[in-house]
Amino acid sequence: MAIDDREDAVGSSGPTAAARSSADGPLIDVRNLQTAFFTEKETIRAVDGISFDIDPGETVGIVGESGSGKSVTARSLMGLIESPGRVLRGSSIRYRGIEAVRAFADEFSKRTVDIADLEAAYDPDELFGSTAATPEEFGYADPASVPLVDVAAAGYTDEIGLTSGTECVFVTDGSASTPEEIRGGFIEISRLSGEPQRKMRGGRIAMVFQDPLTSLNPVYTVGNQIKESLRQHQGIRGKEATQEAADLLEAVGIPDARRRVDEYPHQFSGGMRQRAVIAMALACEPEMLICDEPTTALDVTIQAQILDLLAEIQESRDVSIMFITHDMGVIAEVSDRVNVMYAGEIVESADVIPLFEDPKHPYTRGLLESIPGGNVDGKLSTIEGSVPTPNEPATYCRFAPRCPKAFDECHEVHPVPIRVESEGESDHTASCLLYPSDVPTAEAVARHSRRNQAGEEK
Ligand code: SF4
């Protein structure tokens, strides 16, 4: 790769995550996530090679129209993808909370691998020469560049001599002799199953869905459902659980919580039901909340109350939040950082203020101009057409048929994430052939082409 390409190149292994990490690194590190649905007619690449991270205590927004892959991303993180869909090999979702890594290493020691123990035996040429694995699927051009930890995390455990059942916790500092001494590592949550998956889902990561009625069982009282969560994840039972359930309902703003704990979901209003679902999610004291359109079904005043509640919860409990919505106004209110998704890909990523003040990707601009009052002319714009079904490999810009700036090459070259200039923001990327904007467009297109050929787009 040419030096000028390196300066604006962004890959999963590039400086993006490291530059934004807190001292302890991100809590979740998603790399090259690919989730596909296999039907008789076609393969739908609902999530097609996205990478992002979420720091402890940070709210990361995922925004885009329906069909852009937001909810499939959330479900992939939660391990909720069902047949005919699956998270493809080569994807990695790393949970880096160090307490969770230590706890899992202690409880599931047979599924814990110290990567340092394997370095000496790892032969990348043998792996890539004898299997279908390719360096490109990891974002590298040659086998020798692919780190062992990526290979292991992406599911090639059998091929590198790890027995099955060991693909759970990866310790990466190589100096720990006991779980308490572990200083670095992650739990590969895309490959969890059974008990470890149950402990992660609903234990460390909880989810709040759009429609609270799908999360609440109509034949049990709200209190009983919160108590079940307390029993499963914290081992709290009996009177203590009843008291805790009432406290949680009170904490999420349910009036007269001690009486309401014995009521059924149908006795709650829509906003109160969503509060109850949030209380259920909090019952397991999660480190991360995934909120999938949690306010879409609510009227606007209740929506504001739920957003305030989530902000309070984040501040008081220091949880990370992944917030999914199609509503740019909501994203502006809740997010620290925003990933804009289109047809299975992240097309722009930036901190919230630069994204709103200086959007770079034509799709993001279109979304912002579609907000009432968002257009400088005062006219309400729309983006003509609809999101295509991503049923073929991305060898071109999927937004091209709807893009007002499209030119011939947009139909032939796949744009890769490029770091863009934006005031006060060093980590703003856009996947568009118009960037980098400080070189002629032909040169920019050539850079995207070169990076595609080198397999560095992921
Ligand atoms: S690559 Fe072309 S079609 Fe795609 S967003 Fe940029 S200008 Fe529009």
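Predicted model: local features only at pLDDT ≥ 70, side-chain atom pairs only at ≥ 80, totals over all residues.
A crossing of two helices is called right-handed when the near helix is turned clockwise from the far one by less than a right angle. The protein chain contains 17 helices and 15 strands. Its radius of gyration is 23 Å, close to the 23 Å that the globule rule gives for 458 residues, so the chain is as compact as a globular protein of that length. The C-alpha trace of the protein chain spans about 70 × 65 × 45 Å along its principal axes.

By class, the contact of H9 with H12 has five nonpolar residues, two polar and no charged.

H12 also packs against helix H13, residues 300-317, with axes that come within 10 Å and cross at roughly 15°. H12 and H13 are therefore roughly parallel to each other. This crossing of H12 and H13 is right-handed too. H12 contributes Gly-270, Gly-271, Gln-274, Arg-275, Ile-278 and Leu-282 to the contact. From H13 come Ile-302, Gln-305, Ile-306, Leu-309 and Ile-313. The residues of the contact of H12 with H13 divide into six nonpolar, four polar and one charged.

Back to H9, which has a contact with helix H10, residues 238-251. How do the axes of H9 and H10 cross? They come within 9 Å and cross at roughly 115°. That makes H9 roughly perpendicular to H10. The crossing of H9 and H10 is right-handed. The H9 residues here are Gly-223, Ile-226, Lys-227, Leu-230 and Arg-231, and those of H10 are Ala-241, Thr-242, Glu-244, Ala-245 and Leu-248. In the contact of H9 with H10, five residues are nonpolar, two are polar and three are charged.

Next, the ligand. Which residues come nearest to the ligand? Of the 13 residues around the ligand, they are Cys-397, Cys-403, Ala-406, Cys-410 and Cys-432. The shell around the ligand is made up of eleven nonpolar residues, one polar and one charged.

Last, some backbone details. A cis peptide bond joins Ser-83 and Pro-84, with omega about 10°. Pro-84 sits in the loop between helix H3, residues 70-78, and strand S4, residues 85-87. The peptide bond from Tyr-435 to Pro-436 is also cis, and its omega is near 0°. Pro-436 lies in the loop between strand S15, residues 429-430, and helix H17, residues 441-453. Asn-32 is not a glycine, although it has a positive phi of about 50°. Where is Asn-32 placed? Asn-32 is in strand S1, residues 28-38.

How values were computed:
Residues numbered from 1 in each chain as written. Near = placed C-beta within 6 Å. Nonpolar A, V, L, I, M, F, W, Y, C, P; charged D, E, K, R; others polar. Axes fitted to C-alpha atoms, helices over the stretch in contact; angles between N-to-C directions. Helix = DSSP H or I, 4+ residues; strand = E, 2+ residues; numbered from the N terminus. Parallel < 35°, antiparallel > 145°, perpendicular 65-115°, else oblique. Contact = placed C-beta atoms within 7 Å. Rg over C-alpha atoms; globule rule 2.2 N^0.38 Å.
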